Amino acid sequence: MDEPIPVIRDVDWGVAKLMPDVDRPRAWLLTVDGAPQSYVDLDDPTHLEFEYARRLAHVVDCAARPGAPLDVLHLGGGGLSLPRYTAATRPGSRQDVVEADRGLLALVAEHLPLPGDCGVHVHGVDARAWLESAPAASADVLVADVFGGSRVPAHLTSVEYARLAGRVLRPGGTYAANLADGAPFAFLRSQLANFAAVFAEVALIAEPGVLRGRRFGNAVLVASHAPVDTAALARRTAADVFPARVESGPSLRRFTGDARTVRDEDAVESPEPPGGAFRVG
């Protein structure tokens with residue numbers, strides 16, 4: 001059988017590359033302009049290579065009893081790693097994936113096709129535009145993993161955006177976002193302030209070295225109007241191959257400090273990773 005070869009293609013927001021994993025026969029790394037976007041194993045959708053993806057999956061795992069189907073809205077598609085995981089672990093789930101880069105969607109559909117009847121529907125639309133028109137109280141879980149290259153677009157970093165997310169979630173629903181920042185965490189703290197202004201409960205999952213300011217890295221923000229089972233999340237994240245810590249309550253309020261909410265007119269992209277921290281290839 002022929003060995004898989006890399007696929008390189010211009011997409012709407014840069015140059016996408018699919019690189020085969022030599023250790024897993026049908027697994028691929030997706031990058032855009034050198035920034036890792038997704039890792040997909042077509043033979044094992046429950047295998048999540050990236051630590052932030054595993055933490056988002058922990059949030060989905062804790063959103064309802066094991067195996068129960070969920071209505072999930074994914075903002076940002078990439079290689080559709082988390083939708084594949086959710087379809088495999090929660091059969092019967094209804095999932096909408098919103099990805100503005102239609103060229104990227106075409107590449108993924110061609111080389112990393114979804115299994116038939118998996119309940120995942122993909123839409124080539126801007127994430128905020130979709131939220132503005134989506135039905136209220138229509139999602140059990142909303143996952144935001146939107147990066148233009150290696151930065152979160154500004155229109156997805158404001159308190160107005162947080163309110164839109166809150167409108168689309170059901171009363172007991174859960175929001176989870178993949179973010180990236182480093183000390184002094186001006187961006188991350190502003191995001192915590194935004195969601196604390198809209199949701200009753202907010203938590204943060206991150207590797208301790210990131211939270212101590214030792215390096216730039218990913219952090220998963222979790223928000224809900226209902227109590228967040230931080231103990232269950234903490235057990236999962238601490239036992240993971242990539243151990244992380246869950247911050248909530250007083251410790252998270254101390255971390256947030258005096259950060260203020262950010263309105264649309266003042267919103268900016270997330271910071272550029274220093275020294276190409278997330279670049280490969």
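**Helix 1.** I looked up which residues of helix 1 are buried, that is, under 20% relative accessible area, with exposed meaning over 50% and partly exposed in between, for a 1.4 Å probe and protein chains only. I found that Tyr52, Ala53, Arg55, Leu56, Ala57, His58, Val59, Val60 and Asp61 are buried in helix 1. The helix runs over residues 51-61 and is mostly covered, since nine of its 11 residues are buried. I noted that helices (H or I, at least four residues) and strands (E, at least two) are DSSP runs, numbered from the N terminus.

**Source of the values.** I kept in mind that this is a predicted model, in which local features need pLDDT of at least 70, side-chain atom pairs count only at pLDDT 80 or more, and totals for chains, interfaces and linings use all residues. Residues are numbered from 1 along each chain as its sequence is written, and side-chain values use heavy atoms, with hydrogens and water left out.

**Backbone in the loops.** Before turning to single residues I wrote down that most residues other than glycine have a negative phi, and that most peptide bonds are trans. I then looked at Leu80, whose phi is near 70°, a positive value in a residue other than glycine. Leu80 sits in the loop between strand 5 (71-75) and helix 2 (81-89), and this residue is buried, with a relative accessible area of 4%. Ala137 also has a positive phi, near 50°, and I located this residue in the loop between helix 4 (127-133) and strand 8 (139-144). Ala137 counts as partly exposed, at 38% relative accessibility. I next checked the peptide bond from Ala183 to Pro184, which is cis, with omega near 10°; Pro184 lies in the loop between strand 9 (169-181) and helix 6 (186-196).

**The whole chain.** I recorded nine helices and 12 strands in the chain. The radius of gyration is 18 Å, close to the 19 Å that the globule rule gives for 281 residues, so the chain is as compact as a globular protein of that length. For this comparison the radius is taken over C-alpha atoms, and the rule is 2.2 Å times the number of residues to the power 0.38. Along the principal axes, the C-alpha atoms fill a box of roughly 60 × 40 × 40 Å. I also noted that buried residues make up 52% of the 281 residues. Of the contacts (heavy atoms within 4.5 Å) with a separation of 6 or more, residues 24 or more positions apart account for 70%.
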